[in-house]
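Me: I have a structure open and I'd like to learn how to read it. Could you take me through some features, one at a time?

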Amino acid sequence: MTAANDLVVIRTPRGYATPLADALDDAGLPDVAGTVAGENTIFVAPRDGLTGAELEELLRHHLQGDT
């Protein structure tokens, strides 16, 4: 997972990007505006007022169970 300007880029094994993007969208995280998935890459867009770096940090906390 890497912040890139106002996006977060998540790399996955082939075939995992779409299911993970669907899970992110279905989670209804208040800081995520939406996702775009390819075969092995997801672009995650933050809501207005949040940078890509801030969203990356929040997502890492969610993944680690720190909520």
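Me: Let's start with polar contacts. Which residue's side chain does the side chain of N40 join in a polar contact?
Reply: The partner is T41, and the polar contact between the two side chains is 3.3 Å. Keep in mind that this is a predicted model. N40 sits in the loop between β3 and β4, while T41 belongs to strand β4.

Me: Is N40 buried or exposed?
Reply: The cut-off for buried is under 20% relative accessible area. N40 counts as buried because its relative accessibility is 16%. T41 is buried too, with a relative accessible area of 18%.

Me: And what does N40 touch, apart from residues up to four places away in sequence?
Reply: N40 touches I10, R11, T12, P13, R14 and A17. For a sense of distance, T41 and A17 are 24 residues apart in sequence, yet their C-alpha atoms are 5.6 Å apart in space.

Me: T12 turns up in both lists. Where is T12 found?
Reply: T12 is in the loop between β2 (7–11) and α1 (17–27). It counts as buried, because its relative accessibility is 15%. A polar atom of the T12 side chain lies 3.2 Å from the backbone nitrogen of A17. Not counting residues up to four places away, T12 touches A17, L20, E39, N40, T41 and I42.

Me: What about P13, is it buried or exposed?
Reply: P13 is found in the loop between β2 and α1, but P13 counts as exposed, since its relative accessibility is 52% and exposed means over 50%. Leaving aside neighbours within four places in sequence, P13 is in contact with E39 and N40. P13 and N40 are 27 residues apart in sequence and 5.6 Å apart in space, C-alpha to C-alpha.

Me: How do I read a pocket?
Reply: Rolling a probe the size of a water molecule over the atoms shows where empty space is left. Here, the largest pocket has a volume of about 180 Å³. It is lined by M1, I10, L20, A23, L24, A27, L29, L59, H62 and L63.

Me: Which element gives the most to that lining?
Reply: That's α1, with four residues. Both α1 and α2 supply at least two residues each.

Me: What should I look for in phi angles?
Reply: Most residues other than glycine have a negative phi, and most peptide bonds are trans. N5 is not a glycine, yet it has a positive phi of about 55°. N5 lies in the loop between β1 (2–4) and β2 and is exposed, with a relative accessible area of 74%. A glycine with a positive phi is here as well: G28 follows α1, with phi near 65°.

Me: Last one: how do I read the confidence?
Reply: Where pLDDT is low, the predicted coordinates should not be read in detail. This chain averages a pLDDT of 94, and 97% of the residues score at least 70. Confidence is lowest in α2, at a mean of 92, and highest in β4, at 98.

Technical notes. Residues numbered from 1 in each chain as written. Predicted model: local features only at pLDDT ≥ 70, side-chain atom pairs only at ≥ 80, totals over all residues. Heavy atoms only, no water. Buried < 20%, exposed > 50% of the residue type's maximum accessible area, 1.4 Å probe, protein only. Polar contact = N/O pair within 3.5 Å; in protein donor to acceptor, adjacent residues only side chain to side chain. Contact = heavy atoms within 4.5 Å. pLDDT = per-residue confidence, 0-100. 1 Å grid on protein atoms, 1.4 Å probe; cavity = no way out; pocket = protein on both sides within 12 Å on 5 of 7 lines; lining within 4 Å. Points joined across faces, edges and corners; volume = space filled by probe spheres on them.
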